[in-house]
Amino acid sequence: MPTEHDRVRRSYDTVAEEYRDRLSNELAEKPLDRALLAALVEQTGPGGAVADLGCGPGHVTAWLVGRGVPAVGIDLSPEMVAVARREHPESEFREGDLLRLPARDGEFSGAVALYSVIHLSPDELRPAFAEIRRVLRPGAPLLVAVHLGAEVRHLDEWWGHRVDVDFHFFAAETLLGALADAGFAVEARLERVSYPHEVETRRLYVLARNSR
């Protein structure tokens, strides 16, 4: 995998425990996110798991499992995966990169990628979405969330820890175009401002479907 991904991996390894402490209960304060996740669950076909891509400490994976949805969390960071396994032993977690997912063709009946593709460069979006499409069943839904814009925010310090990580903001057209090019049909898009407890950015959510 590219060197950039190694920097992301090391940075999230460094903040894994702090991330869990600060954000593992974030869905309790995000009603719109919960509603969109519920919408994805309703559209997910029976008999297959939902992939939580970039699962971090596993709280979204656990939210899905808690609502009777088989779910598998996948994250680039081994430390994040270790935290997720420790905190949510009832769920399955795997270590893997968005450009090479540890999953079979058509294994999942739905997928969630909440603020995980923001660590990809613009030219990696299409191959990442093509890889996500590979592991989805025909017609399976995908929920993606990103920060809107055209900037790249770099952090070399995060919660008092030394890191080296970039956060890519994407224009809506860039994200939608990459999804379409990879074979997804976009069904809905929604924008919102940040909640008071979040970093101040404008967020874009896209609900798409594997058109294969």
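Contact here means heavy atoms within 4.5 Å. This is a predicted model, in which local features need pLDDT of at least 70 and side-chain atom pairs count only at pLDDT 80 or more, while totals for chains, interfaces and linings use all residues. Residues are numbered from 1 along each chain as its sequence is written, and side-chain values use heavy atoms, with hydrogens and water left out.

**Stop 1: Asp33**

Select Asp33 in helix α2, residues 31–43. Helices (H or I, at least four residues) and strands (E, at least two) are DSSP runs, numbered from the N terminus. Is Asp33 buried or exposed? Asp33 counts as buried, because its relative accessibility is 4%. The cut-offs are under 20% relative accessible area for buried, over 50% for exposed, and partly exposed in between (1.4 Å probe, protein chains only).

Now show its surroundings. Beyond neighbours within four places in sequence, Asp33 touches Leu27, Arg192, Tyr195 and Tyr205. With Arg192 there is a side-chain to side-chain polar contact at 3.4 Å. A polar contact is a pair of N or O atoms within 3.5 Å; within protein, one must be able to donate a hydrogen and the other to accept it, and residues adjacent in sequence count only if both atoms are side-chain atoms.

**Stop 2: the sheet**

Colour the seven strands of the open sheet in the order β3-β2-β1-β4-β5-β9-β8; the pairing is mixed. Two strands pair if DSSP finds at least two bridges between them.

Zoom in on β4 (108–114) and β5 (141–147), a parallel pair with four bridges. Here Ala111 stands opposite Leu142 of β5.

Axes are lines fitted to C-alpha atoms, for helices over the stretch in contact, and angles run from 0 to 180 degrees between N-to-C directions.

**Stop 3: α1 and α4**

Select helices α1 (3–23) and α4 (78–87). Their axes come within 7 Å and cross at roughly 30 degrees. Contact residues include Tyr12 and Arg20 of α1, and Met80 and Arg86 of α4.

**Stop 4: two loop residues**

Tyr115 is in the loop between β4 and α5 (122–134). Its phi is near 55 degrees, positive in a residue other than glycine. Finish at Trp159, in the loop between β6 (152–158) and β7 (161–168). Trp159 also has phi near 55 degrees.
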